[in-house]
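Please open the structure in your viewer and keep a selection panel at hand. The stops below are meant to be followed in order.

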Amino acid sequence: MVTRRMQLGPNQAIRFDAVRGATVPVVSNVMARREAIATSLGVPMDDLLPTLAAREAQTQPLLTVASAPVQEVVMTDAIEVSRALPQIVHSPLDGGPYISAGIFIAKHPDTGVYNASWNRTQIVGGDHLRVRMMAPQHLGQYHEIAERQGKGVPAACIIGAPPSLMLAASSKVPIESDELLVAGGWQGEPLRVVPAVSIPLLVPADAEMVIEGEIVPFVREDEGPFGEFMDAYVDVGKNHVFKVTAITQRRDPVYHVIIAGTPEDLNLLSMMLDVEVYKAVSKFAKVRDIGSPGQILGCVVSIERKSDTDMKAAMKAALDAHRWMKFVVMVNEDVNPHDANDVMWAIHTRFTPDKGVLHFPGVQGFSRVEGTHVGKMALDATYPPHLEPEFRRRQFPDLGKIRLEDYLG
Ligand SMILES: Cc1cc2nc3c(=O)[nH]c(=O)nc-3n(C[C@H](O)[C@H](O)[C@H](O)COP(=O)(O)O)c2cc1C
């Protein structure tokens, strides 16, 4: 509740030092703003999209260290997750406490390529957790391959990961890409890793906590309900089981939680979707910025429109950039794509319905409920350069200097 209130403004990171029943501090809303991502990577805000797009290909090898902060404390016997971790219930009707900011890393059963993804995880008790990780999510695909070979997937749930790994876990890089190497690319230096203590896996050396174990084969259990990223509850469903073999942590760890569907969750996911859109649209137009006000199944692309910009091609590229991208608005560079009011202003003043709609019926977007999110649509809310005299936005250059108290009685 306090985090939700903080997110209404000023939307800053928050740390709870005394949480009932918890022995460690809890942090939330850490990555709720794009500025947090830019600062953590040491990249100026204006360069964030181009830098993330470029660095994805500049992968870095892993740096394996012999001893690591995340293994200062090691627990392997009589594991009781409900005592080892804070028991946080995130939404009123959730089916109990969840790990909500856990990044699962695992190796592809055949190629050994590492995947990273966020997976909500229900705490059952003892060494028993339940994980939401269905294919087409890559971890679900790894598990399907392993099950065909009659085995489970050794995996680690990382809490308080380096920011670059948080981005990798949110990213839409292809299944063939090794997401630990990509994380190195995004942070501009190798990711420090250490061998896990109970499974054949490398884990991030500088995380706060690591829960090691196996996603067991051929078992599914009722998991949920859980208040999810579209602000509804996902009902109880059959999901995977994770058997914990070790918990390692720093001597004084902090425990990260993320409330699904609120600014931290949406910021991480939209950032990486927008990187995909940036790469796609940049082939057709100079992109100034991309934002996702409101939710992440669409975005607003601010471009420097030229006389020869092919708007239909740019809009199609944005919609094709990812399956979830069902609604795109194109705006000129003088519109703030992060400000829903400014975007609506552009739609009202610059969008011409008879000419500016691109609609692809029947294309399946994000899928959970049959028959929903079908079709894709883009709106062109830009004006072409030759209409500049009619559409140039009025400016009030000295507005910032006005002090109302100088004028009011
Ligand atoms: C905080 C957070 C929690 C998430 N929880 C889940 C989840 O429980 N299950 C899921 O399939 N995706 C979840 N996601 C989305 C995935 O992490 C995201 O789609 C990611 O790109 C999947 O990785 P992959 O492309 O390697 O499969 C979550 C994202 C965030 C930011």
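The model is predicted, and local features are described only where pLDDT is at least 70, side-chain atom pairs only at pLDDT 80 or more, while totals for chains, interfaces and linings use all residues. Residues are numbered from 1 along each chain as its sequence is written, and side-chain values use heavy atoms, with hydrogens and water left out.

**The ligand and its shell**

Select the ligand and display what surrounds it: the shell holds 19 residues, and the closest are N115, R120, H138, S171 and K172, where a residue is near a molecule if one of its heavy atoms lies within 4 Å of it.

The ligand sits in the largest pocket. Here a pocket is an open set of points on a 1 Å grid over the protein atoms alone, where a 1.4 Å probe fits and protein lies on both sides within 12 Å along at least five of seven lines, and a molecule sits in it if more than half of its atoms lie within 2 Å of its grid points. Colour β7 (114-118), α6 (163-170) and α8 (263-281), which are the elements that give two or more residues to the shell around the ligand. Which element gives the largest share of that shell? β7 does, with four residues. Helices (H or I, at least four residues) and strands (E, at least two) are DSSP runs, numbered from the N terminus.

Select E147 next, in helix α5 (residues 138-148). Is E147 buried or exposed? E147 counts as buried because its relative accessibility is 15%, buried being under 20% relative accessible area, exposed over 50%, and partly exposed in between (1.4 Å probe, protein chains only). Leaving aside neighbours within four places in sequence, E147 is in contact (heavy atoms within 4.5 Å) with P217, F218, V219 and R220.

Move to K316, which is placed in helix α9 (residues 311-320) and, at 38% relative accessibility, counts as partly exposed. Not counting residues up to four places away in sequence, K316 touches L358 and F360. A distance line drawn from the C-alpha atom of K316 to that of A38, 278 residues apart along the chain, spans 28 Å.

**Backbone stops in the loops**

Centre on P10, in the loop between α1 (2-7) and β1 (14-16), where the peptide bond from G9 to P10 is cis, with omega near 10 degrees. A cis peptide bond also joins A135 and P136, with omega about 15 degrees, and P136 lies in the loop between β9 (128-131) and α5.

Go on to D231, in the loop between β14 (226-227) and β15 (233-234); D231 is not a glycine, yet its phi is positive, at about 70 degrees, and its relative accessible area of 64% makes it exposed. End at H373, in the loop between β21 (357-364) and β22 (374-381), where phi is near 55 degrees, a positive value in a residue other than glycine.

Terms used
On a 1 Å grid over the protein atoms alone, a cavity is a set of points where a 1.4 Å probe fits but cannot get out, and a pocket is an open set with protein on both sides within 12 Å along at least five of seven lines; lining residues have an atom within 4 Å of a point.
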